[in-house]
Amino acid sequence: MALKKLVLKPGVNRENTRYTNEGGWFESEKVRFRQGTPEKIGGWARISVSYFEGVCRSLWNWITLDNLNLIGLGTNLKFYLENGGNYYDITPIREAAVLSNPFKTTINSTTVTVTDASHGAVTGDYVTFSNVATVGGLDLNNEYSLTFVDTNTYTITAASQASSTVAAGGGTTVQAIYEINVGLAYEIPLTGWGAGPWNSGTWGYGGTSTSALRLWSQSNFGEDLIIGYRGSPIYYWDASFGVSKSTFTVTIASPAVVTATIGLVNGTPVKLTNTGYPSALPTGLTVGTTYYVINASGFTFNLAATVGGAAINTTGSQSGTHYILSNAIPVTSLSGASDVPIIQNFIYVSDVSRFVFAFGCNDYGSSIQNPMLIRWSDQESVVNWTPSATNQAGSVTLSHGSSIITSIQTRQEIVVWTDSAIYSLQYIGQPVVWSSQLLGDNISILGQNAVAQASGVIYWMGVDKFYSYDGRVNTLNCDLRRYIYQDINLNQNQQVFASTNEGFNEVWFFYCSTGSNSVDKYVVYNYLEKVWYYGTMGRTAWLDSGLRDYPIAATYTYNLVNQEYGLDNNETGTPAGIEAYISSCEFDIDDGDKFGFVWRMLPDLTFSGSDASPTPEVTFTLYPMQNSGSGTGTPAVKPVDQLTGAQYTVTEGFTGQINTRVRGRQLILKVGSNNLGTQWQLGSTRIDIRPDGRR
């Protein structure tokens, strides 16, 4: 019998039996298709040794006028800006307080009890103390994650044990700054009374739902950043503050003159703090209070309690180092703020004429959230949301669905998803300004981040299938649909996210498998070759930005990694080989009516891009079968290794042939690697078969 060339169809197909899909691929792990043939995906490496707090669900990249290449990074605990591998905390501040002897210590214990009446904190919240005198031998001038005890007390964990018991200490002017309440890292299923929507289900039976995880949305307004999480106000970060708090000095005078290390314009809201002990602002200024810049000239200015108000006078004395905080602030505190939404589920800034959108927000004059309401600001304004005949602020309420899930901008429209429909918003000018059009009904989307755009086409993952939008809504044919939706944890649907890998013409969808509360699997659609493949990988967010050299992904080890970087898994700083393989469907030896004996295999592959050392190696495995329902026999496993140094030559050298002993009617071919420094692409392997009788 002649040599048989194994040329298999590109893509992985699990919509039928392994035998029915003869001539294709059935399983994959960290393998993609290029020009119709499978190859191992690239590696990844952490961008730095720094880490952030919490599980990241949102990434956004832009460059400021000062040429800072920034990534906005929203976690369930904080919001950061990444620059140069460092993570800068700009989490909005919830409130500030001045406390009198709030600390209680116990000898030989690291647990410190803090008293603050009606503190409003929850377990996991962050609080920063300053101007704290030593308590029980402890220096508590630092930031802490707290544990809720009751409405008036909570505990923190000191860096060392207290040397004595103190009932109440720290001083009479302890300064405390609380960041916004933290959110959940994953959805918590709820069952019973109050778990489901009001008036749903049968009387006498409890409902089911989930407690939502923290999901941020973010968008640029010029070089500045607008952020918010589902159910929060809208926050604003001003790039003129820089990525970290900056020092200033202030005179004790009437009025007080502030000299800063950054230049600020009139009307800019600022919050002040200081560090260490003793540390105090002069009388007239308070830590954590919002003040407004007036009479600005270069790096000097006065402060006022209101926009354009009277300059503040200072008296008394001051100590410590003073700082202007760089944390994001509510848009409602900006100069000129008018009818700004105080609660929203998703925010977006349009490229067309630059409007700020709030989806699922409160109406004018109301504090009640309407999950189907869309409002937008006046053109080129963050602060003016009051409609009038002289501006373009406005609103529209969608009718199909019960809640707006997400939106994305494409070409000349903004596409909006509710939980049951998809809409288009198009700018048409006054008086309507933005018109809404229903694009499709009975359309689902799994979550806020389950959508991506590539080459002008939008792709998203629905509750039971995949979709695309290129001017009309299409069901995306998926050769892995049944496999994916039979192994997905829909109770964690809000964790689903999608992004692109434009360098390889791919859209990646990440999700939690059945029984997992963490994202552990992915499925990829190659929109150029129109094929699918899948694998396992733990990621929480992904950003494919033209402003960075590689796609950026967030991990469960609380750092960012460069994807498609190198050949190995270097997430923790210690390189490890990547388990990558692909296995075929069952294919007949000859016509499948006779047993065949495979006595040798002639592999065809390239190791181009592999490291010189160690020697790259790929393992070929042949699984023989008596028939399609018999199960596999003893596999023949053979390694194929490249000749030393061949990756540097034009003609690559590797094992020419493998002698093997395999007999059966059908075969399954598996190709894989797990060693360091290996990159491979499979070609058209051939097998040599001898007749072996009929049974």
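A polar contact here is a pair of N or O atoms within 3.5 Å, where one must be able to donate a hydrogen and the other to accept it. Keep that cut-off in hand for the first stop. The model is predicted.

**Stop 1: Gln-392**

Select Gln-392. Its place is in the loop between strand 33 (373-376) and strand 34 (394-397). Now display Tyr-427. The side chains of Gln-392 and Tyr-427 make a polar contact at 2.8 Å.

Is Gln-392 buried or exposed? Its relative accessible area is 11%, which is under the 20% limit, so Gln-392 counts as buried.

Next, show what surrounds this residue. Leaving out residues up to four places away in sequence, Gln-392 touches Phe-355, Trp-376, Ser-377, Asp-378, Gln-379, Tyr-427, Gly-429, Gln-430 and Val-433.

**Stop 2: the nonpolar cores**

Select Trp-460 and Met-461. The largest nonpolar core has 78 residues, and these two touch the most other members. Stay on Met-461 and bring up its contacts. Beyond four places in sequence, Met-461 touches Ile-445, Leu-446, Ala-450, Phe-466, Ile-484, Tyr-485, Ile-488, Val-496, Phe-509 and Tyr-511.

Then jump to Ile-177, Val-258, Ala-260 and Tyr-291. They are among the 22 residues of a second, separate core. In soluble globular proteins, nonpolar side chains tend to be buried together.

**Stop 3: the cavity**

How many cavities of 30 Å³ or more does a search of the whole structure find? One. The largest cavity has a volume of about 50 Å³. By class, the lining divides into seven nonpolar residues, one polar and one charged.

**Stop 4: the largest pocket**

Finish at the largest pocket, with a volume of about 1,000 Å³. Centre the view on Leu-59, Trp-60, Tyr-348, Ile-408 and Leu-543. Of the 35 lining residues, these are the closest to the pocket's centre.

Now colour the strands around the pocket. Two or more lining residues come from each of these elements: strand 6 (56-63), strand 21 (216-221), strand 31 (346-349), strand 35 (404-410), strand 39 (451-454), strand 43 (497-501) and strand 47 (541-543). Last, colour the lining by class. The pocket lining has 14 nonpolar, 16 polar and five charged residues.

Terms used: Residues numbered from 1 in each chain as written. Predicted model: local features only at pLDDT ≥ 70, side-chain atom pairs only at ≥ 80, totals over all residues. Heavy atoms only, no water. Core = buried A, V, L, I, M, F, W, Y, C linked by side-chain atoms within 4.5 Å. Buried < 20%, exposed > 50% of the residue type's maximum accessible area, 1.4 Å probe, protein only. Contact = heavy atoms within 4.5 Å. 1 Å grid on protein atoms, 1.4 Å probe; cavity = no way out; pocket = protein on both sides within 12 Å on 5 of 7 lines; lining within 4 Å. Points joined across faces, edges and corners; volume = space filled by probe spheres on them. Nonpolar A, V, L, I, M, F, W, Y, C, P; charged D, E, K, R; others polar. Helix = DSSP H or I, 4+ residues; strand = E, 2+ residues; numbered from the N terminus.
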